[in-house]
Amino acid sequence: IKNIGILTSGGDSPGMNAAIRAVVRASIYYDIEVTGFLRGYEGLINDDCMPMDRKSVANIIQRGGTILKTARSENFKTVEGRKTAYENLKARKIDALIVIGGDGTFTGANVFAQEYDFPIVGLPGTIDNDLVGTDFTIGYDSAINTVIDAVDKIRDTAESHDRLFIVEVMGRDSGLIALRSGIGVGAEAILIPEANMGVEDVLHKLEHSRKDKASKIIIVAEGDDAGGAFKVGEILQSKYPHYDTKVSVLGHIQRGGKPTCMDRVLASRLGVSAVEGLIKGERNVMAGQVNKEMIYTPFDHAIKHIDAEKVSSTWLKLIDILSF
Ligand code: F6P
């Protein structure tokens, strides 16, 4: 391996910059050149790139977002788009890629790697934590800390006004942000797509809840079947008009901000592992951390959404025990 291309793709996540820094510094350490592509796969197709050196990644470990920018590329889903990308890589003599992103990023990487027999290693960069083959994804810890910071503030005002708050957090197809942050804020109920719960379940819980506590927080994952926080709010308000119900959608604040130390260190370790993996001959895998060990998981396995272990009945029971 002589020249690695690097890109960030899909939704950004805090810690992506720390991962870029680690990849660039590890490559230089092992005498490999690095080319940074802008806006994910769009950069490959448009040949929009720049050489990267030690200095180009200085002073970014603490910054949210991604200095390489990101996009969800529709062109890369086409045969022609991928062909152009391959020709551009060949012309630049780039012989391997490191892609940082989530399931969409790895789905694209998997198709491309097989079509052109091109070595790619992925790094899990998504706030959703919904990949198999890593205990945590880069950005998840920062995002859940942003959520608990926001919900702690909501709790203050909820308590003062005796209000019921429905708070929607991100996670289009995954409830892992809702699950962990919900436990962290002491939510009274959590609605996530992985569990067979519904508004009925929340109604049941409210009926059996402590009568001496009027303020309550219900965390709803964006992707839950209940249809989002406003829908849940409407149903609860109509069923329990005596509750003063408010809805708060946290939105994209969850994707920004300084990465936590956990995310910086995870990104740093994984970035170095990705480069070392390519050198050792790893291909078409995601580098992940499981039980403190660095492991590599094939893309098609990493993108299998629901990790049953992550959303086990133990977690759901924990919520039942602790709420109300
Ligand atoms: O995949 C990360 C994520 O933040 C999801 O949780 C969310 O549903 C989605 O991205 C939002 O994407 P966008 O910023 O394109 O609206």
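This report walks through a predicted model of one chain, from its overall form to a few individual residues.

## The chain as a whole

The chain holds 11 helices and 11 strands. Its radius of gyration is 21 Å, close to the 20 Å that the globule rule gives for 324 residues, so the chain is as compact as a globular protein of that length. Along the principal axes, the C-alpha trace spans about 70 × 35 × 35 Å.

Of the 324 residues, 51% are buried. If you count the contacts with a separation of 6 or more, 76% of them join residues 24 or more positions apart.

## Around the ligand

Around it are Gly11, Gly102, Thr126, Ile127, Asp128, Met170, Gly171, Arg172, Glu222 and Arg255. By type, this shell divides into 2 nonpolar, 4 polar and 4 charged residues.

Asp128, one of the residues around the ligand, also carries an annotation: an unreviewed UniProt entry places the feature "active site" there. Asp128 sits in the loop between β5 and α5 (140-161). It counts as buried because 28 other C-beta atoms lie within 10 Å, where 20 or more are needed. Apart from its neighbours within four places in sequence, Asp128 is in contact with Gly102, Thr137, Gly171, Ser174, Leu176 and Ile177.

## Helix α4

Helix α4 covers residues 103-116, which makes 14 residues. From its first C-alpha to its last it reaches 20 Å, close to the 20 Å expected at 1.5 Å a residue. The buried residues in α4 are Asp103, Thr105, Phe106, Gly108, Ala109, Asn110, Phe112 and Ala113.

What lies over the buried part of α4? The cover includes the helices α2 (41-45), α3 (79-91) and α10 (299-302), along with the strands β4 (96-101), β5 (120-124) and β10 (285-290). After the helix comes Asp117, with a positive phi near 50 degrees.

Phi of Asp162 is near 55 degrees, a positive value in a residue other than glycine. The loop that holds Asp162 runs between α5 and β6 (163-169). Asp162 is exposed because it has 12 other C-beta atoms within 10 Å, and 12 or fewer is the cut-off.

For Asn291, phi is near 50 degrees, again positive in a residue other than glycine. Asn291 belongs to the loop between β10 and β11 (293-298). With 6 C-beta neighbours inside 10 Å, Asn291 counts as exposed.

## Thr66

Our last stop is Thr66, in the loop between β3 (49-52) and α3.

Leaving aside neighbours within four places in sequence, Thr66 is in contact with Thr8, Asp12, Met16, Asn17 and Ile20. Thr66 and Ser248 are 182 residues apart in sequence, and their C-alpha atoms are 27 Å apart in space.

Note on methods. Residues numbered from 1 in each chain as written. Predicted model: local features only at pLDDT ≥ 70, side-chain atom pairs only at ≥ 80, totals over all residues. Near = placed C-beta within 6 Å. Nonpolar A, V, L, I, M, F, W, Y, C, P; charged D, E, K, R; others polar. Helix = DSSP H or I, 4+ residues; strand = E, 2+ residues; numbered from the N terminus. Expected span 1.5 Å × (residues − 1). Contact = placed C-beta atoms within 7 Å. UniProt positions renumbered as here; feature names shortened; annotations may be inferred. Rg over C-alpha atoms; globule rule 2.2 N^0.38 Å.
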